[in-house]
Amino acid sequence: MSVHQGTNLKKVTTHQLQEMKARGEKIAMLTAYDYSTARIVDAAGIDVILVGDSASNVMAGNETTLPMSLEQMIYHASSVIKAVSRAFVVVDLPFGTYQGNSMEALHSAIRIMKEAGAHAVKMEGGAEIKESVDRVLSAGIPVMGHLGLTPQSIFKFGTYSVRAKEEEEAQKLVADAHLLQNCGCFGIVLEKIPAALAKQVSESLTIPTIGIGAGAGTDGQVLVIHDMLGINKEFKPRFLRRYADLHSVMTEAIQHYVKDIKDQSFPNEQESY
Ligand code: KIV
């Protein structure tokens, strides 16, 4: 029994996310990849935590999300899950673990659910991964879709620029969003697409959409925690709002620590046994 069972804390569920959309309450989603950060994120009132494969960039220092393995996602997700009392935790299925065939997708999703204790998985793409989405859903595993800029396909796109600006791609995105809803997905991330298109898609769906670089018309927003806390100084896309400057805070604290060691003011008598 978890320490939080028996308290009044209401856990977020897919049903609640649906209700939030229905009553017009925006959904707040943020990434986390480790126990200590996830505790802060959960206690601060985030509705959905995404253990994103952006861990590949911000935790492992890779240029793309492609190198991430299933084992690495399970490691991050199991650390996050242990910290969470209220938020709904969605975990990315990494590149190469669900596109091949639907049985592989099912096995990958089952490992994430069983070994990490995740609440749902997220998969990038539309019609091309329908079979995998159907198979995972058939096992009772909630699936979140991800359309628009899908970073696992970066070498197909060639750039991280805004997607679906042209009519043909916009029409495919609308069709894919409805296909994912009809399959039974509980929500869809819309990444880096024109605000008007994201609003139109969000209004035409009954399931919630969560935007990143998709304007204000989606049912919720998601950001990568390292970006919104200002840990990454170099990453400055137009859609990013920085809520802190942790790069400066951390740098100053570490410089102070180095100075205290060098001038022998740390540790002092009270800090010694
Ligand atoms: O991996 C991730 O962090 C994501 C978000 C950018 C939506 O997929």
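For the classification of lining residues, Ala, Val, Leu, Ile, Met, Phe, Trp, Tyr, Cys and Pro count as nonpolar, Asp, Glu, Lys and Arg as charged, and the others, Gly among them, as polar. The structure is a predicted model, in which local features need pLDDT of at least 70 and side-chain atom pairs count only at pLDDT 80 or more, while totals for chains, interfaces and linings use all residues. Residues are numbered from 1 along each chain as its sequence is written, and side-chain values use heavy atoms, with hydrogens and water left out.

At least two lining residues each come from helix 3 (55-58), strand 4 (120-124), strand 6 (187-191) and strand 8 (220-223), where helices (H or I, at least four residues) and strands (E, at least two) are DSSP runs numbered from the N terminus.

The ligand sits in this largest pocket, in that more than half of its atoms lie within 2 Å of the grid points. The surrounding shell (residues with a heavy atom within 4 Å) includes Thr31, Leu50, Gly52, His146 and Ile212, and divides into four nonpolar, four polar and four charged residues. Of the 260 Å² that the ligand exposes when taken alone, the protein buries 96% (Shrake-Rupley method, 1.4 Å probe).

The second largest pocket has a volume of about 410 Å³. Among its 22 lining residues, Gly125, Glu128, Thr150, Ser153 and Lys156 lie nearest the centre, and the lining divides into seven nonpolar, eight polar and seven charged residues. Helix 8 provides the largest share, four residues.

One cavity of 30 Å³ or more is present, a cavity being a set of grid points where a 1.4 Å probe fits but cannot get out. The largest cavity, of about 50 Å³, has a lining that includes Leu17, Met144, Phe186 and Gly187; eight lining residues are nonpolar, one is polar and none is charged.

Notes: 1 Å grid on protein atoms, 1.4 Å probe; cavity = no way out; pocket = protein on both sides within 12 Å on 5 of 7 lines; lining within 4 Å. Points joined across faces, edges and corners; volume = space filled by probe spheres on them.
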